[in-house]
Amino acid sequence: MKAAVIESVGKAVVSEVPDPTPEPGQVVVEVAACGLCGTDLHILQGEFAPTLPIVPGHEFAGEVVALGSGVTSVAVGDQVAVDPSLYCYACRYCRQGHNNLCERWAAIGVSTAGGAAQYAVAPEANCVKLPDHIRTADAALIEPLSCAVRGYDVLNSRLGSHVLIYGSGTMGLMMLELAKKTGAASIDVVDLNPERLATAKQLGVSGSASGADELDRPQGWDVVIDATGNAAAIQDGIGRVAKAGTFLQFGVADYATTATIEPYKIYNQEITITGSMAVLHSYERAAELFAGGVLDPDLFISDRMPLDSYPDALARFASGVGRKIVVVP
């Protein structure tokens, strides 16, 4: 079969690889579409240190075409979205319910072959069946949405909160849509990319700007979300949190990124600084929200590129052009 392969740091190609064979409890999915993510760039840059070469792609959906022994909950022909998370279920964090912090954390498309291919293997338990009205190629959006749902779980945001989001790429826009669903009193978005900021305006925001100084909230925001991973945005955002407010580090920063905090201010104003890591008990809920129309796939997916163009798709994504880019085998 044809697959994208990150062969070494900085090198991605499309080549022929062996067809996958399911082991007991696994299924083979014929991929309808696979989304690109910042994680893919981190792998390409050698920052996540997986074993290379690797077939990337952890945001994908498709049709079940083969079953391993013992599979009972899905059948050949089912349309499914795939939760890429792989846990050991035995370490301290898994036993405490924090599977996303698993000491032996792994993921399809990160540590094992993923969905940037014609076919991918997944555990039966990771496959969520899709209702008939969903276009399977759109369901690659469910995985990033499940990360956003996890972010809002961490926030435990109150009704009537004033929210500031840094970044209006795919993840920032998803956090915007969830802020609307969770009863925010106002939602402001900051981004240096005018094209992406225009999309945020299209979705409906209280205010949008290239910098928070342009927005009229001198007292700060109850909830500040960084969806960029950018050091300057993070540093600025921490300083924008209102008294008793929360800063959520949602964007994936480089390992070397740092920010300065003011411990007295955090103490005196009871500010919370927290993070959200990937997916935790949120994939099925994201699938239900997606089926209910929480996102408009035609707005969120800006580019549908052939699998043969995977290196070009990565370059386009890295340049900041568009929103969600998916490759289609």
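Where does P53 lie? The legends below, drawn from a predicted model, begin with this residue.

**View A. The cis peptide bond between L52 and P53.** P53 is placed in the loop between helix 1 (38-44) and strand 4. The peptide bond that joins L52 to P53 is cis, with omega at about 5°.

**View B. Strand 5 and its two antiparallel partners, strand 4 and strand 9.** Strand 4 (residues 59-67) and strand 5 (residues 79-82) run antiparallel and are joined by four bridges. Within this pairing, G62 has V80 of strand 5 as its bridge partner. Strand 5 also runs antiparallel to strand 9 (residues 127-129), to which three bridges join it. Here A81 stands opposite V128 of strand 9.

**View C. A nonpolar surface patch formed by L101, W105 and M277.** Together these residues have about 250 Å² of accessible area. L101 belongs to the loop between helix 2 (92-95) and strand 7 (106-107). With a relative accessible area of 42%, L101 is partly exposed.

**View D. Positive phi at Y89, a residue other than glycine.** Phi of Y89 is near 65°. The residue is found in the loop between strand 6 (85-86) and helix 2. Y89 counts as exposed because its relative accessibility is 58%, and the cut-off for exposed is over 50%.

**View E. Positive phi at A278, which is not a glycine.** The phi value of A278 is about 55°. This residue lies in the loop between strand 15 (272-275) and helix 8 (283-291). A278 counts as partly exposed, at 24% relative accessibility.

**View F. The largest nonpolar core, with 44 residues.** I142, L145 and I225 have the most contacts inside this core. The elements that give two or more residues to the core include helix 3 (142-155), strand 10 (162-166), helix 4 (170-181), strand 11 (186-190) and helix 5 (194-203). Also among them are strand 13 (221-226), helix 8 and helix 9 (297-300). Helix 3 gives the most, with seven residues. Apart from this core lies another, of 35 residues, including V27, V29, A107 and I108. In soluble globular proteins, nonpolar side chains tend to be buried together.

**View G. The surroundings of L145 in the largest nonpolar core.** Leaving aside neighbours within four places in sequence, L145 is in contact with M174 and L178 as well as with A286, L289, F290, V294 and L295.

Conventions. Residues numbered from 1 in each chain as written. Predicted model: local features only at pLDDT ≥ 70, side-chain atom pairs only at ≥ 80, totals over all residues. Heavy atoms only, no water. Pairing = 2+ DSSP bridges. Patch = residues over 30% accessible without salt bridge, like charges linked within 9 Å, V, L, I, M, F, W, Y side chains within 5 Å. Areas by Shrake-Rupley, 256 points an atom, 1.4 Å probe, with all protein chains shown as cover. Salt bridge = Lys/Arg side-chain N within 4 Å of Asp/Glu carboxyl O. Buried < 20%, exposed > 50% of the residue type's maximum accessible area, 1.4 Å probe, protein only. Core = buried A, V, L, I, M, F, W, Y, C linked by side-chain atoms within 4.5 Å. Contact = heavy atoms within 4.5 Å.
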